[in-house]
Amino acid sequence: MNAIETHDLTRNYDSLCAVDHLSLSVNNEIFGLLGPNGSGKTTTVLMLTTLLRPTAGTATVCGYDIVREGEKVRQQLSYVPQDMAVDIKLTGRENVLLFAHLYGIVNPKDKTDEVLSIMELSDRADDLIRTYSGGMRRRLELAQALVHEPAVLFLDEPTIGLDVAARKKIWEHIGTLRKNGMTIFVTTHYMDEADQYCDRVGIVSNGRVVALGQPSSLKSQLMTDVITAKISGPFVPLEVEGIQFVGQKDDEITFTAENGKEALPRIAQSLTENGIQVRSLSLREPTLDDVFLHAVGKQEEPHHFNDQQFRTMLRRRK
Ligand SMILES: Nc1ncnc2c1ncn2[C@@H]1O[C@H](COP(=O)(O)OP(=O)(O)OP(=O)(O)O)[C@@H](O)[C@H]1O
Ligand SMILES: [Mg+2]
């Protein structure tokens with residue numbers, strides 16, 4: 001039995017299909033669900049945690065059906081949502097204790113001490129949350145999620161808005177939970193983190209899975225070298241034989257080619273011939289970012305409302 005199984009899981013919001021026939025199996029691993037803004041990650045997590053009813057399809061968590069056996073499903077899982085899930089007017093200990101009581105834990109005080117210690121928050125347990133850093137708040141949310149010893153942990157963007165050290169720490173904790181047998185289902189926008197810490201990833205676009213597998217095998221499946229060019233001024237698409245244009249992010253253009261060394265001078269020549277000023281050209285092996293761009297397609301509108309930044313701002317509110 002897999003910890004999570006979905007078959008053609010689908011969710012519509014009126015005419016919009018947010019999750020479109022999603023079929024996945026996840027077991028005893030850190031599984032990363034990746035995808036652009038609005039691709040259906042949170043909607044998927046909400047369905048799997050029984051907070052939202054699917055429009056069609058089925059899914060089980062630890063063998064229990066998410067629609068027919070909601071209560072059993074909820075006993076197996078914990079969920080740390082994308083947005084802040086702690087009460088800033090309480091202390092860390094009070095927040096966790098509240099969860100322990102809600103879950104009907106037998107020794108709520110001992111359990112609270114234990115999970116606060118696991119998340120390295122014992123020293124600050126009696127301080128108000130409003131004095132916690134973003135990383136500490138996130139760890140407290142993890143502590144809350146651990147009080148009833150779930151088999152499956154859902155984390156929606158656990159490291160958003162945190163600094164490098166705080167992100168590393170969160171992932172180390174997630175790794176320890178995984179080693180102790182927990183299944184972790186995590187969404188993230190940070191490709192480097194998914195690459196480093198997830199056993200497998202699924203990339204979704206418009207609610208559909210467009211790539212699935214171990215980060216290393218997805219990268220090697222690209223079977224290409226990546227050439228990036230930094231340019232000044234506007235870019236016009238080039239037609240160069242054997243070279244694919246992957247995408248543009250600010251002033252950086254990305255191409256792929258089977259033989260990068262051979263392609264590099266031809267790209268340089270074509271850029272110059274098209275009047276494009278090149279500041280630098282470089283060649284490297286593919287990263288998960290490239291897999292993502294390849295699977296999801298070109299960047300969305302560059303001046304789109306940046307809701308990630310907005311949410312980060314909200315998370316920091318005191
Ligand atoms: N309650 C809702 N009513 C209507 N549409 C919704 C609702 N919630 C989400 N959507 C839409 O469903 C789609 C998927 O949203 P979802 O929040 O699942 O995406 P996401 O991948 O989690 O995005 P992000 O990376 O920004 O968190 C989006 O087009 C979104 O606008
Ligand atoms: Mg989301």
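**Figure legends: close-up views of the chain**

**Figure 1. The shell around ligand 1.** Helix 1 provides three residues of the shell around ligand 1, the largest share from any one source. The view is taken from a predicted model. In total, 13 residues surround ligand 1, and the closest are Ala18, Asn37, Lys41, Thr42 and Thr43. Strand 2 and helix 1 (41-48) each contribute at least two residues to this shell. Sorted by class, the shell around ligand 1 consists of eight polar, three nonpolar and two charged residues.

Figure 2. The chain has 318 residues, of which 39% count as buried. Its secondary structure amounts to 11 helices and 14 strands. The C-alpha trace of the chain spans about 75 × 45 × 35 Å along its principal axes. Two domains are assigned, namely domain 1 (4-218) and domain 2 (223-285). The centres of domain 1 and domain 2, taken over C-alpha atoms, are separated by 38 Å. Of the contacts in the chain between residues at least 6 apart in sequence, 70% link residues at least 24 apart.

**Figure 3. Strand 1 and its two pairing partners.** Strand 1 and strand 2 form a hairpin, with two residues between them. Within the turn, Asp14 has a positive phi of about 50 degrees. Seven bridges connect strand 1 and strand 2 in the antiparallel sense; one of the paired positions is Thr6, whose bridge partner in strand 2 is Leu24. Strand 1 (residues 4-13) also runs antiparallel to strand 4 (residues 56-61), to which it is joined by five bridges. Ile4 has Val61 as its bridge partner in strand 4.

**Figure 4. Surroundings of Glu29.** Glu29 is located in the loop that links strand 2 (16-26) and strand 3 (30-34). Is this residue buried, partly exposed or exposed? Glu29 counts as partly exposed because 16 C-beta neighbours lie inside 10 Å, whereas a buried residue would need 20 or more. When residues up to four places away in sequence are left out, Glu29 touches Thr183, Asp199 and Arg200. Glu29 and Met182 are 153 residues apart in sequence, yet their C-alpha atoms are 7.5 Å apart in space.

**Figure 5. Helix 3 and its cover.** Helix 3 (residues 92-102) carries the buried residues Gly92, Arg93, Asn95, Val96, Leu97, Phe99 and Ala100. Residues three or four places apart in an α-helix point the same way, because there are 3.6 residues a turn. The cover over the buried residues of helix 3 includes helix 4 (108-118) and helix 5 (134-146). Gly104 follows helix 3 and has a positive phi, near 70 degrees.

**Figure 6. Ala165 in helix 6.** Ala165 belongs to helix 6 (residues 164-179). This residue counts as exposed because it has 9 C-beta neighbours inside 10 Å, and the limit for that class is 12 or fewer. Ala165 and Gly135 are 30 residues apart along the chain, and 8.9 Å separates their C-alpha atoms.

How values were computed:
Residues numbered from 1 in each chain as written. Chains lettered and ligands numbered in written order. Predicted model: local features only at pLDDT ≥ 70, side-chain atom pairs only at ≥ 80, totals over all residues. Helix = DSSP H or I, 4+ residues; strand = E, 2+ residues; numbered from the N terminus. Contact = placed C-beta atoms within 7 Å. Near = placed C-beta within 6 Å. Nonpolar A, V, L, I, M, F, W, Y, C, P; charged D, E, K, R; others polar. Domains from an automatic or database assignment. Pairing = 2+ DSSP bridges.
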